[in-house]
Amino acid sequence: MQKNTIGCDIFCDVIDNFGDAGVCWRLARDIRKEKGWNVRFYINNLETLSAIEPRVDSEKVRQHAAGIELLKWEYAERESPSDIVIETFGCRIPDPFEKRIAERNPSPIWINLEYLSAEDWVEGCHTLPSPHPRYGTKKYFFFPGVTNKTGGIICETGLNEHRQLFKSKKEVFLKTIGANPESPFNTFVFCYPSAPLKILVEALASDRIPIQLLLAAGGAGKEIQELAKPYPHILCVPLPMLPQTDFDKLLWVADSLIIRGEDSFARAQLAGKPFIWNIYPQTEDTHIHKLTAFEDRLKPFYSQKNFELLKEINLAFNKGDSSFIELWRQWRDATSELTESAAAWEENLHSVGSLTENLCKFIESKLKS
Ligand code: TRH
């Protein structure tokens, strides 16, 4: 680690699945790459991170990987805060560390990076400070989002060029992952086991159009493969867990996507492909409100007919409604129009700027003041 370089601590509390580690690690890598800051990454579950980042050794409680210093969560009991502290998704960082944040002079810039949401209220809360209840130290809420009044989503410099260059490698990549490069229609599937898998396979079965399913590891691939066995026109390709640095390629080779959570949802938008969002289920239908808020942002980019279809198919999938079966055929038929709209949405997202850029700019303005 370089001396005299800005230091940035990121706290990642893995609650379940891969998204907590996925979002935080993507941010850590991007801050390191874009700003060259000394990033220290505190995490409570190295195994989950090592599943998506082969450079990480799940047994080592302290290590360097991808230019980032990784520490098991417990280290925060004794380490000192850096110039910047980013806690993610409202995770509670250990008390002794919070106390040292309060005691540090100058005070670190303390950020709470929230969940990605397209809901209206997010714009009003983005960048608001909140004093710590015990120490009074300011912590700023930073909200990822899809509008200019929010922090945006992580979009690495050169991502589009990378995607363009990859086009000529599509067939080789499909072969590498054990898929048929000649398949006329590829759908990438990364959904929750609670998704309506039977209904999904029934939809593909009654559609009768040959389809290749790229079944993500850690999704509901095994169950889908089992259900699809009686249908020879549904070709299932179970995938190994790919490093996060290669994850986008799975989206780029597909014609349509089923994604979930937060990071794959963000990446699907940047891939400019039509997708169904299997949103992380929450109580009291909170997730359905989030889904609707996101869809409403898309409205200007879709024809009235396709917008209705998008809303209906997403709702049917997330509610497990059998109307999905008929909607799937319409969805697949509309692929090229939907792709045009998805590409227009992707282009629009770039005007919001990357979350990394927006976040670092905000932090730098606070460091100066
Ligand atoms: O795994 P997710 O469902 O994650 C979550 C969590 O449930 C979390 O608690 C919740 O807060 C959040 O969603 C909203 O889905 P997500 O967010 O898409 O994260 C998956 C990560 O795994 C993403 O960074 C991509 C990565 N990944 C790979 O790197 N390689 C792979 O092969 C696959 C399938 C995923």
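Analyst: Asn17 is placed in the loop between β1 and α1; helices (H or I, at least four residues) and strands (E, at least two) are DSSP runs, numbered from the N terminus. The model is a predicted one, in which local features need pLDDT of at least 70 and side-chain atom pairs count only at pLDDT 80 or more, whereas totals for chains, interfaces and linings use all residues. Residues are numbered from 1 along each chain as its sequence is written, and side-chain values use heavy atoms, with hydrogens and water left out.

Asn17 is not a glycine, yet its phi is positive, at about 50°. Most residues other than glycine have a negative phi, and most peptide bonds are trans. With a relative accessibility of 32%, Asn17 counts as partly exposed; buried means under 20% relative accessible area, exposed over 50%, and partly exposed in between (1.4 Å probe, protein chains only).

A polar side-chain atom of Asn17 is found 2.8 Å from an oxygen atom of the ligand. An N or O atom in the side chain of Tyr192 is 2.6 Å from a ligand oxygen atom, and a polar backbone atom of Glu262 is 2.8 Å from a ligand oxygen atom. The ligand taken alone exposes 710 Å², of which the protein buries 97%; accessible areas come from the Shrake-Rupley method with a 1.4 Å probe, and for residues only the protein chains shown count as cover. There are 23 residues around the ligand, and Asp16, Tyr192, Leu242, Asp263 and Ser264 come nearest; a residue is near a molecule or strand if one of its heavy atoms lies within 4 Å of it.

Asp263 and Ser264 lead on to helix α10. Nine of the nine residues of α10 (residues 263–271) are buried, so this helix is largely enclosed by the rest of the structure. Among these buried residues are Asp263, Ser264 and Phe265. Just after α10, Gly272 adopts a positive phi of about 65°. Phe265 also belongs to a cluster linked by ring pairs, together with Phe275, Trp277, Phe294, Phe301 and Trp345. Rings of Phe, Tyr and Trp (its six-membered ring) pair if their centres lie within 6.5 Å; planes under 30 degrees apart count as stacked, over 60 as edge-to-face and the rest as tilted.

In total, the structure holds 24 aromatic pairs. One of these joins Phe11 and Trp73 edge-to-face, with 5.5 Å between centres and 85° between the planes. Phe11 belongs to strand β1 (residues 7–12) and Trp73 to the loop between β4 (68–72) and β5 (84–88), so the pair ties together parts that are 62 residues apart in sequence. Both Phe11 and Trp73 are buried. The ring centres of Trp25 and Phe41 are 5.2 Å apart and the planes stand at 85°, so this pair is edge-to-face. Trp25 in helix α1 (residues 19–35) and Phe41 in strand β2 (residues 38–43) are 16 residues apart, and the pair links distant parts of the chain. Trp25 and Phe41 are likewise buried.

The charged end of Arg78 sits over the ring of Tyr75 at 4.7 Å from its centre, and that of Lys290 over the ring of Tyr115 at 5.8 Å. A charge sits over a ring if NZ of Lys or CZ of Arg is within 6 Å of the ring centre and within 35 degrees of the ring normal.

Arg208, a residue other than glycine, has a positive phi near 65°. Arg208 is in the loop between α7 (197–207) and β10 (211–215) and, at 68% relative accessibility, counts as exposed. The peptide bond from Asn105 to Pro106 is cis, with omega near 0°, and Pro106 is in the loop between α3 (95–103) and β6.

Strand β6 (residues 109–113) contains Asn112, which counts as buried at 4% relative accessibility. The side chains of Asn112 and Glu114 make a polar contact of 3.1 Å, a polar contact being a pair of N or O atoms within 3.5 Å; within protein, one must be able to donate a hydrogen and the other to accept it, and residues adjacent in sequence count only if both atoms are side-chain atoms. The C-alpha atoms of Asn112 and Tyr192 are separated by 27 Å.
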